[in-house]
Amino acid sequence: MKILGISILGLLGLCLLVSAQSQKPKPLMMTHLYTGPDGQTHAEEIEAKFNDKDVAMLMQAKGAELHRAKGGTLQDWHVAPRRQYVITLSGRAELEVAGGKKIPVGPGHIDLVEDLTGKGHITKVLEDRVTLQLPLVDQTPRSN
């Protein structure tokens with residue numbers, strides 16, 4: 001069927017194209033672990049802000065390390081060894097912070113870890129996990 005010389009399918013395709021171009025991309029969220037004034041590790045979700053060239057300028061890193069942990073590994077209460085991004089490449093784990101809050105992590109999950117003092121957090125590896133750790137150049141924790 002044609003309406004004013006435009007087919008229904010052509011009109012539908014045009015609507016879908018305009019709709020797809022106007023939709024905002026899904027935000028990229030990271031888990032930020034930090035030490036609160038109570039000396040406990042807390043977690044908050046923060047968004048990676050992308051510029052008009054679709055680049056998110058994160059904090060400058062100084063090198064990279066790959067870490068592997070076997071499923072069943074448990075790191076009881078511990079603080080981060082340094083400010084760093086931890087990106088889970090494969091496997092699954094669970095982070096526990098103040099108040100028993102548990103954060104599931106899996107492939108693609110990004111953590112900004114800054115709990116350098118206090119009680120720290122628990123890391124429980126649920127299945128063999130490989131992470132990419134990116135130590136930050138600036139080791140001064142962000143203020144919340």
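User: Which residue lies over the face of W77?
Analyst: In this predicted model, the residue lying over the face of W77 is K119, which sits at 4.2 Å from the ring centre.

User: And how many aromatic pairs turn up in the whole structure?
Analyst: A search of the whole structure finds zero aromatic pairs.

User: Switching to strands, in what sense do β3 and β4 pair?
Analyst: Strand β3, residues 28-35, and strand β4, residues 41-48, pair in the antiparallel sense, and eight bridges join them. Among the residues involved, M30 has I46 in β4 as its bridge partner.

User: What about the hairpin, how many residues are between the strands?
Analyst: The hairpin of β3 and β4 has five residues between its strands, and within this hairpin G39 takes a positive phi near 80°.

User: OK, which residues make up the largest nonpolar core?
Analyst: That core has ten residues in all, namely L33, A43, A80, V86, A93, L95, V97, I103, V105 and V113. The elements that give two or more residues to this core are β7, residues 84-96, and β8, residues 102-105, and the largest share, three residues, comes from β7.

User: Take L33 from that list, what is L33 in contact with?
Analyst: Leaving aside neighbours within four places in sequence, L33 is in contact with T41, H42, A43, L95, V97, I103, L112, V113, E114, D115 and H121.

User: Which residues does the second core include?
Analyst: The second core, which is separate and consists of nine residues, includes A48, Y85, I110 and L136.

Technical notes
Residues are numbered from 1 along each chain as its sequence is written. This is a predicted model: local features need pLDDT of at least 70, side-chain atom pairs count only at pLDDT 80 or more; totals for chains, interfaces and linings use all residues. Side-chain values use heavy atoms; hydrogens and water are left out. Two strands pair if DSSP finds at least two bridges between them. Helices (H or I, at least four residues) and strands (E, at least two) are DSSP runs, numbered from the N terminus. Rings of Phe, Tyr and Trp (its six-membered ring) pair if their centres lie within 6.5 Å; planes under 30 degrees apart count as stacked, over 60 as edge-to-face and the rest as tilted. A charge sits over a ring if NZ of Lys or CZ of Arg is within 6 Å of the ring centre and within 35 degrees of the ring normal. A nonpolar core is a set of buried Ala, Val, Leu, Ile, Met, Phe, Trp, Tyr and Cys residues joined through side-chain atoms within 4.5 Å. Buried means under 20% relative accessible area, exposed over 50%, partly exposed in between (1.4 Å probe, protein chains only). Contact means heavy atoms within 4.5 Å.
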